[in-house]
Amino acid sequence: MIAELGQFALIMALLAAISQSILPLIGAERLDSRLMAFGSHASLVQLLFVILAFGCLTQAYIVSDFTLLNVAENSHSTKPLLYKISGVWGNHEGSMLLWVLILALFGAAVAAFGRNLPVTLKARVLAIQAMIGVGFLTFLIFTSNPFTRLLVPPENGQDLNPLLQDPGLAFHPPMLYVGYVGFSVAFSFAIAALIEGKVDAAWARWVRPWTLTAWIFLTGGIALGSWWAYYELGWGGWWFWDPVENVSFMPWLMGTALLHSAVVVEKRNSLKVWTILLAILTFSLSLIGTFIVRSGLLTSVHAFAVNPERGIFILILLAIAIGGSLTLFALKAPALKSGGMFSPISREGGLLLNNLLLSTACATVFLGTLYPLFMEALGGGRVSIGPPFYNKTFIPVMVPLFFLVCIGAYLPWKRADLVGVLKRLKYAGLAALLALLIAWYISDGGPLLAILGLGMATWMLLGTLSEWADRIKLFRAPLAKSWQRAKNLPGSSWGMTLAHGGLAIAIIGMISTTAWKVEDVAVLKPGETLSVAGTDYRFDGVKEITGPNYSAVEGTFNVSQDGVYMATLKPEKRLYTVKRMPTTEAAIYSTFVGDYYAVIGDPDGKGGWTVRIYREPLVTWIWFGCTLMVFGGLVSLADRRLRVGAPADKRKKKKVREAEA
Amino acid sequence: MTRKSRRMYIIVVAFVLLASATALVLTAFEDNLVYFYSPTDLKTKQVTVGRSLRLGGLVEEGTFVKLDDGLSIRFSITDGAESVPVSYKGILPDLFREGQGVITEGSLNEKGDFIAHEVLAKHDENYMPAEVIDALKASGEWRGDEEGQTTK
C-alpha cells in the first residue's frame, strides 16, 4: 500500500512540476501576479510530494519490504540500519529519486528565501527549475520506477554491494548530489535572465549564494568520495582520474570559475555574458555527469545498471536541456548590454584569468574523459586514458593558476600596481623559497618537480596569509586594533582566505603523498617484521571475526619506530555472506605528518599472509585542506551582504565597503 | 589602453591559453592512449615491445600459479581462441578468480609474455568488463545473454 502511495506521490509531483513550469512563465509574460505567485505554491507542493515518495521508499527499505523489486535487489534483512537507509540511494532508481528530491528542495528554497526577488524573475526561475524537474520525474516514472512490485517476492534480498556499505559512502552521494543539483539554480537564474534580457549586479548577488551552496557541497562530496577510495579500496590512492571522478570534478572546476566571475558581475557589472554561459555550462556538465554515470556508458562501482532505454532517455533530456539553453543563449546573449571593459592588471583582470585557466583545465579533463567514448562510438577501438595524460595536460594548466592566486587576491579593483603588489609579497616569496630548500634538503634532492610544487604551494599559502595579515594590519597596528579589524572583515573575505589557504594545504598533501609515498608488499608469517620507510610492522597473526552480515579475517600489526610502540593496526579481509563478495578493509594510523596504512591479502598456504604496507606522507592534509575550503565557503555564505533574502541595508553596506577599501 | 586594445588583449590571452592547452593535449594523447587488446588481437596485430596497453579476457582455468616468493603470480588470459601468459607481482583484486573476466594493464616483453603492472579491480562479482565481452563475442566464446551486463 505504501509503495502505491509513493508511486501516486511521484505522479502528483510530476503534475505539480508541469503546471509550475508553464503557468508562472505565462504570468511573467502577462504580468499576472496570481499566475506568478502560483510558482511558489507549486514548488512547495512538488517538494511535499517528492518527500512523501522518498519517505515511502525509505520505509520500504527500513522494514525490508521485499515485495518491491528495488528493495529485493539492493537490501537484505541483516544489513545494519544505516546501510538500509543509505541503500535507498545505493541503486539507480533510488539515486534518481534522491536527485529529484534535491532538485525540488532547491526549487522550494528559491521560493521560500527569494522573497525580495523581482516577481517576474522569481516566477521564471521557478518555471525553469520545474522544467528540469519534469524531465527527471518523467525519467523516474517511466524508465526507473523505484516502486515496481514483484509478483513473487523473494525470501530475502540480494544485499547492497558491500563496497557501498560504508559510512563515508552513505553520505557521499547525497552531498555530491546537492552539489550537482544545486547548480541547477544558477542555471535557472541564467535562463530566466536571458528571457528577461537583463543581468545586473543585483542578479549576481542573488545567484552567488546558490552557486556557493552548491560549490560547498560539491567540494565536500568530492573530498568524501576521495577519502572513501583511499581507505576502502585498499590501494592507498586517493584520486585515480577515473571517468566517474572526472565527471564530478568538471562541474566543480566550472562552478569554481562561476563563483569568481559572479563577483565581477556584482562588483563591476562586467563579464555578464560570460557568467551566464558559465552557469549554463556548469549545470550542463552536472547533467552530462549524471548521464555518463547513469547510462552505464562507463563501468564502475557507480554504474548500477545498464539499460539502453534509459541511456537514450537521458541523452534526449540532455539534448533538450543543453541544446535548448545554448540556443537561447545564442539568440539572447548579444542583446545583453555589455559592461565596461577593464584593465588587465586589476582584480577583475585577475578573476578573468582565473576563469580562463579553470575553463581550459576543465576542457582538458573533458577531452580526456570523453575521448574514449568518442573513439568507441566512431569505431576506433577501445582505448583508455590514465593519470599520465592528466599529469601532462591538467597540471600544467593549473600551475600558473595556483601561482597567481595570492597575487590576484592582492589586486584592487579597476587598476592595480603589479610591482607594488609583488613588493608586498616579498616575504611570502622568500619564505616559499626557504620551504623549497628545506624540502630539497629533507628529500635528499628528491623529485625536482615535487619540490618545486611544494615551493609553489607554500607561496600560495603564505601569500594568502600575508594578504589577510595586511588586511587586518597585523604587526603594523596594535594587536587589539588588528583583532578589531579581523572581526570586522566581511565573511566573504574570510571565506576567500580560508578557501585559498585550504586549497594550498590540500595541494601540499597531494604533492607529498604522490611523490614520497612508500609501498611494500611481502609475505609475512606471524611474528615476522616488515620494515617500511624506517617503521617496523610486526605481524602478530590473524583471527576470524564475524560482523552482522559478513565474516572476516582480521590481521594484527604492531607498528613501532626504533623500538618505540606507535600503534596497532587491524586490517580485515571481509567476505559478505549474501553476495559472497570479498572486500578489503585497510587499517590506517593517521598522524599529522603521514599515514601508516596496512592491508592484508591472501594466505600463501604455508602459514604466511600477503600483506601490503603504505607510508603516505601528509596525506591527511588533503582532506584537512578540503575541509577548510568547505568551511571558507560556509563563512562566506554567512556574509550578511549575501544572505539570501536579507534586504540590503544600503547605508550599512556602504559603510562595510568603505571599511574594506 | 583603448577599449578595443583591451578586448584584443583578452582575446590574445585566451587564444594563447587554448593553443597551449591544445598542444599539451595533442602531445599527451600521443603517448598516453592505452589501447585495449584481446589475446587474439595481441597475436595477430603488430605490437611494439614495451608499449603500455590493456589486455583483457578470461583468466584461463588451471593456469594460475603463485611463485615461491608468494607475491609473483603467473596466469594466462584467454578469449577462447588465443591465450597469452601474464606475469604480475603484488596483491590481486579481491574478486580475481580463474574463469573470471579480467583486465590487466602492462606491456609485452621480448619473449611475448605480458608483464602486468596493474590488474584492474572489479567492483562486483557478476560484473564482466564490456571490453572482455566484446572480445569473447569476437572469438565466438561468449555464452551470456545478449545484454551481457549483470551489474546489479
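Colleague: How many salt bridges are counted between domain 1 of chain A and domain 4 of chain A?

Modeller: The count is zero between domain 1 of chain A and domain 4 of chain A, where a salt bridge would need a side-chain nitrogen of Lys or Arg within 4 Å of a carboxyl oxygen of Asp or Glu. This is a predicted model, in which local features need pLDDT of at least 70 and side-chain atom pairs count only at pLDDT 80 or more, while totals for chains, interfaces and linings use all residues. Residues are numbered from 1 along each chain as its sequence is written, chains are lettered from A in the order in which they are written, and side-chain values use heavy atoms, with hydrogens and water left out.

Colleague: How do you know that domain 1 of chain A and domain 4 of chain A are in contact?

Modeller: Contact means heavy atoms within 4.5 Å, and eight residues of domain 1 of chain A are in contact with four residues of domain 4 of chain A. The bounds, 1-160 for domain 1 and 518-617 for domain 4 of chain A, come from an automatic or database domain assignment.

Colleague: Why is A72(A) called buried?

Modeller: A72(A) has a relative accessible area of 4%, and buried means under 20%, exposed over 50% and partly exposed in between (1.4 Å probe, protein chains only), so A72(A) is called buried.

Colleague: Which residues does A72(A) touch, not counting residues up to four places away in sequence?

Modeller: A72(A) touches F66(A), L150(A), P154(A), G157(A) and Q158(A), with residues up to four places away in sequence not counted.
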